[in-house]
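Let's go through this fold together, one question at a time. Have a look at the model first, then read on.

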Amino acid sequence: MRFKRHLILLVMLVAIGVFVAGLSIARADGDGGGNGDTTTCQSDENDQGEDNDAQGDDNDQGVDVQGDDQGEDIQGTEADDQLDGNGGDDDIQGEDGNDDICGDQGDDDLNGGSDDDVMKAGPGRDIVHANGGNDVIIVRLQGRDKVSCGSGHDVVKASRNDKVASNCEVVKH
């Protein structure tokens, strides 16, 4: 009788351990416990927050827009913005200011403004128009993307299969 109790207790503990291990693995894979999005936009290149406030920069308080899983039309402001399309096929317009623009998931159309922008494509076939300013465009390892630059000194980090226009000053593969 005592042996049966110990066996049942042991089986219950093993079952609980397997359940907890499975739950941990599922969360690490992005299943359960979250929305499953894989964020590709982590950039501090145009850090806009508190550091710039001490300098008295009136143009550093833009918008921080986070899209959802649907396709979005996101419009920036004349200030420094952080624009992230997240999931879906997005159309993102940076406008003026030193913007951080990220398409993230989906086939996105990213458009910078006349200032110095950091633009990052996500997984999918993205189209990136840098326009004016000294921009940094990152499309490397994110699908087959198209990039066009504008005036200014632009740096593009691209894969060899991306189509980069000849008006981009520096292309790094």
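Two strands pair if DSSP finds at least two bridges between them, and strands (E, at least two residues) and helices (H or I, at least four) are DSSP runs numbered from the N terminus. This is a predicted model, where local features need pLDDT of at least 70, side-chain atom pairs count only at pLDDT 80 or more, and totals for chains, interfaces and linings use all residues. Residues are numbered from 1 along each chain as its sequence is written, and side-chain values use heavy atoms, with hydrogens and water left out.

Q: Over how many bridges do β5 and β7 pair?
A: Start at D100, whose bridge partner in β7 is V118. The two strands run in the parallel sense. The number of bridges between β5 and β7 is four.

Q: Which residue in β5 is the bridge partner of Q82?
A: Strand β3 covers residues 82-84 and pairs with β5 in the parallel sense over three bridges. Strand β5 itself spans residues 100-104. The bridge partner of Q82 there is D100.

Q: Is D104 buried or exposed?
A: D104 is found in strand β5, and its C-alpha atom is 6.0 Å from that of G85, 19 residues apart along the chain. Its relative accessibility is 1%, so D104 counts as buried.

Q: In what order do the six strands of the open sheet come?
A: The edge strands are β2 (73-75) and β12 (163-164), each pairing on one side only. Inside that sheet, β6 (residues 109-111) and β8 pair in the parallel sense over three bridges, with N111 standing opposite H129 in β8. The pairing is parallel, and the order is β2-β4-β6-β8-β10-β12.

Q: Which residues form the nonpolar patch on the surface?
A: Patches are made of residues with over 30% relative accessible area and no salt bridge, joining nonpolar side chains (Val, Leu, Ile, Met, Phe, Trp, Tyr) within 5 Å and like charges within 9 Å. A salt bridge here is a side-chain nitrogen of Lys or Arg within 4 Å of a carboxyl oxygen of Asp or Glu. F3 sits in helix α1 (residues 2-28) and counts as exposed because its relative accessibility is 65%. With about 610 Å² of accessible area together (Shrake-Rupley method, 1.4 Å probe), the patch is F3, L7, L10, V11, V14 and V18.

Q: Which residues gather in the patch of positive charge?
A: Lys and Arg count as positive, and the place of the charge is taken as NZ of Lys or CZ of Arg. R125 lies in the loop between β7 (118-121) and β8 (127-129), and R125 is exposed because its relative accessible area is 57%. The surface patch gathers R125, R144, K146 and K163.

Q: What is the phi of E95, roughly?
A: Most residues other than glycine have a negative phi. E95 lies in the loop between β4 (91-93) and β5, and E95 is partly exposed because its relative accessible area is 34%. Although E95 is not a glycine, its phi is positive, at about 60 degrees.

Methods:
Buried < 20%, exposed > 50% of the residue type's maximum accessible area, 1.4 Å probe, protein only.
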